[in-house]
Amino acid sequence: MATKNIAGISVDVNDEGYMTNPSQWTEAIAKELAKEEDIELTDEHLKVAKYLREEHEKGTVLTIRKVGKSGLVDIKGLYKLFPGGPLKKSSKIAGIPKPTSCV
Amino acid sequence: MTEKKEENPLKKVCIICAKGAIEDVYASLVMANGAVMEGIEAKMFFTFFGLDAITKKKMNRLHTGTVGNPAMTMPGGIPFPTLLGMLPGVEAGVSAMMKKQMADLDIPPVDEFLDMITAGGGEIYACKLAADMFKLKKEDLSEHVIDIITIGDFYALAGGDNTQIIFT
């Protein structure tokens, strides 16, 4: 377990850069994490990130299908927001653990 | 699980689906979807009975074989007698149960799975030889099928460094 200084805050991360304590997350951190993935964070990204955080808190196993049915964004839109990693990159930016689902 | 950083990562998978049982088709679909979700290019080629998975009238009515399948067990792990699998309705019942178990894991029906794969940039092709054999035309197939092509055409799409061909 390591800590990393993101947006001036010391946060716990694992060796892949996923935050291990979701409660340390802030929008400023999300912006920095997005930059690491070459993503310019917009309100659209934040909406998805907040949705993922809420679902994660409820203990939901997240899938791109679930996000696609959230009414926030369809699956095509999700790929556009997080190119090359719709669920992994969005989870990372949302400060929640790496997704464990295959769909 | 911790992901090892691969220095020379996989860039493209070409998946050939030649069988039409639920488990064969879903293995192909999960691999293709898993690829696009990781930013890996995916191209699928459906041939022989695998064509059922992209045939409009059949794609959501796939079955699993209950005869001659040694891995099959009843709920609770008791071996599933092949003789039982021959009875009318058993195959349909087992197939329905498998679909229910997959739905519980948020695995979609075949048509929706194809929506997901193509939304991520995956490409779907049908085999010309098999389509001719089963007398299927493009209009019989899912709207996601880009074209009916020969295996040679498919190989032409399978070039490039770090590309793998997977056969199921």
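**Salt bridges and a helix pair in a predicted model**

Visitor: What makes Glu38(B) and Lys88(A) a salt bridge?

Guide: In this predicted model, the closest N and O atoms of Glu38(B) and Lys88(A) are 2.7 Å apart. The cut-off is 4 Å between a Lys or Arg nitrogen and an Asp or Glu carboxyl oxygen, so the pair qualifies. Glu38(B) sits in the loop between helix H1 (22-37) and strand E2 (41-46) of chain B. Lys88(A) belongs to helix H5 (residues 88-93) of chain A. The pair crosses between chains.

Visitor: Why is Lys88(A) called buried?

Guide: The relative accessibility of Lys88(A) is 17%. Glu38(B) has 41%. That value falls between 20% and 50%, so Glu38(B) counts as partly exposed.

Visitor: How do you know that Glu112(B) and Lys69(A) form a salt bridge?

Guide: Their N to O distance is 3.5 Å. The limit is 4 Å, so the pair is counted. Glu112(B) lies in helix H4 (residues 110-119) of chain B, and Lys69(A) in the loop between helix H3 (64-68) and helix H4 (75-81) of chain A, so this pair joins two chains. Both residues also belong to a network of salt bridges with Arg65(A) and Asp106(B).

Visitor: Which of the two, Glu112(B) or Lys69(A), is buried, and which is exposed?

Guide: Glu112(B) is at 19%. That is under 20%, therefore buried. Lys69(A) is at 55%. That is over 50%, therefore exposed.

Visitor: What does the salt bridge of Glu27(A) with Lys50(A) tie together?

Guide: The closest N and O atoms of Glu27(A) and Lys50(A) are 2.7 Å apart. Glu27(A) is in helix H1 (residues 27-36) of chain A and Lys50(A) in helix H2 (residues 43-58) of chain A, so the bridge ties parts 23 residues apart in sequence. Glu27(A) is partly exposed at 38%. Lys50(A) is partly exposed at 36%.

Visitor: How many salt bridges does the structure hold over all chains?

Guide: The total is 16.

Terms used:
Residues are numbered from 1 along each chain as its sequence is written. Chains are lettered from A and ligands numbered from 1 in the order in which they are written. This is a predicted model: local features need pLDDT of at least 70, side-chain atom pairs count only at pLDDT 80 or more; totals for chains, interfaces and linings use all residues. Side-chain values use heavy atoms; hydrogens and water are left out. A salt bridge is a side-chain nitrogen of Lys or Arg within 4 Å of a carboxyl oxygen of Asp or Glu. Helices (H or I, at least four residues) and strands (E, at least two) are DSSP runs, numbered from the N terminus. Buried means under 20% relative accessible area, exposed over 50%, partly exposed in between (1.4 Å probe, protein chains only).
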